[in-house]
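Thank you all for coming. I would like to take a few minutes to walk through one model, and I will start once it is on the screen.

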Amino acid sequence: MSAAPSMKRRLLGFLLVPAIAALSPIIALPAVTTIAGPGGWASAIAGESIGTFAAIAIGWGWATIGPALISVAAGDDERAKLYRESIAVRLSISILALPALAVICWLIATPGSEWLTILMGMQGALIALSFTWFCAGVGDPRTIVVYDAAPRLLANLAAAGLVLSTGTVVLYPLAGILVTLVGTSIFTVRLLRRHPGPWPRPRDLPRLLRSNLSVALNDAGLSGYSSVPAPIVNVTAAPVAAAGYATGDKMMKLGQFIPMTLANALQAWVGEAHGSDRGRRMTIAIGLATATGIAGWAGLALVGPWLTSVYLPNAPAPFEILVVLGAVFFFFSIRTAVARLVLFPAGQAGAVMRATLIATALGIPLMIGLGIAWGPVGAALGYAVTEGAAAALLIRRCLNVLRDLRHTPLEPAP
């Protein structure tokens, strides 16, 4: 039987269905921008950016490497063991990360928007406790729909109405927090009741932390530079300009769900092949990611200004911001495919980490400097250069892997 139908099913399951969860926040954004005002909206997105960085720290690489570990696990009991280990690691880190997140969000918030900023940060950070990476590893998008995507859609619909009717804008992040905690708790209880086993002991934590260290550092580097521009703009720019950047940043990051889930959908399809056939599939996957990046760049630049002016008239994104952030999306799409579908399976997580940290070390000072000198456009330019540098450093490694695979014979069928 051809592998094409299998790949199509994965694409439909992991692109169309989970997209509900990623895009459903759009429903509530007009209400949030109207009630929060320019300063509150910019602070909310700044808090969300910091929350994203905290989520990477709390997640400790499980969302990146977890699906692959789950997909090759020996059986359901082994998968449950891995999931228990991930819970122990993530909860331990969150005890330290969440209080630090609250303090930072309070300091960068526009006066009067402190609690909104903190709760937006918490909403972003607690995503790290989600179970969706486990479902990606076992090829089960239906569970994501039941426990995350559909509840998140309904919660955002309810939050939009409540924010407009009550004027209480913090109801928006509270709804997202509730969906994450309740959905993940139900999934976890059901899974671990079916497959009971011992929990990791405190003395096991150092070993578990070391096992994902390179991936966690790589993710932290990536999130580090992607989390910098919005807070910088919020602190240095006027509220109206910061709000316009916040809208562009939000649109671009919502769109980044597409290349991320594309990589998840293709992971098993690439991994099940061997030799030159795996190289061919990797090349196809990178081509799809490149096309996705071009489409996203064009969409942000050509449609984004009109869409945000109509849908978010209180905080429209300027054309020049969206053009530059479109470049960020393009480089992100390529980098995600190269890292997850080529270099991680080839055992080059360390090389990915080094490239990311180099780009981060160069990019963060550039974003801060350009943000101070040229405002929101400068911060966006620094972001694009950083993302482009990270992609460029990985492409050379990717080409070497593909060249080696082209000269590897196919394994004989069993």
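Predicted model: local features only at pLDDT ≥ 70, side-chain atom pairs only at ≥ 80, totals over all residues.

**Salt bridges, a helix and a loop**

Let me begin with Asp 76, which is partly exposed at a relative accessible area of 44%, where buried means under 20% relative accessible area, exposed over 50% and partly exposed in between, with a 1.4 Å probe and protein chains only. Residues are numbered from 1 along each chain as its sequence is written, and side-chain values use heavy atoms, with hydrogens and water left out.

The side chain of Asp 76 meets that of Arg 79 in a salt bridge, 3.0 Å from N to O, the term standing for a side-chain nitrogen of Lys or Arg within 4 Å of a carboxyl oxygen of Asp or Glu. Arg 79, at 17% relative accessibility, counts as buried. Both residues belong to helix H5, residues 76-108, and sit 3 residues apart, about one turn of the helix; helices here are DSSP runs of H or I with at least four residues, strands are runs of E with at least two, and both are numbered from the N terminus. An α-helix has 3.6 residues a turn, so residues three or four places apart point the same way.

A second pair is Asp 148 and Arg 152, whose closest N and O atoms are 2.8 Å apart in their salt bridge. These two are 4 residues apart in helix H8, residues 141-166, and therefore separated by about one helical turn, and both are buried.

Which residue forms a salt bridge with Glu 387? The partner is Arg 335, with the closest N and O atoms 2.4 Å apart. Because Glu 387 lies in helix H18 and Arg 335 in helix H16, the pair ties together parts that are 52 residues apart in sequence. Glu 387 is buried at 1% relative accessibility, and Arg 335 is buried as well, at 6%. Salt bridges with shared partners also join Asp 277, Arg 280 and Arg 281 into one network, and a search of the whole structure finds 9 salt bridges.

Finally, a loop residue: Ala 315 lies between helix H15 (275-311) and helix H16 (319-343), and is buried, with a relative accessible area of 3%. Apart from neighbours within four places in sequence, Ala 315 is in contact (heavy atoms within 4.5 Å) with Thr 33, Trp 41, Ala 243, Gly 244 and Thr 247.
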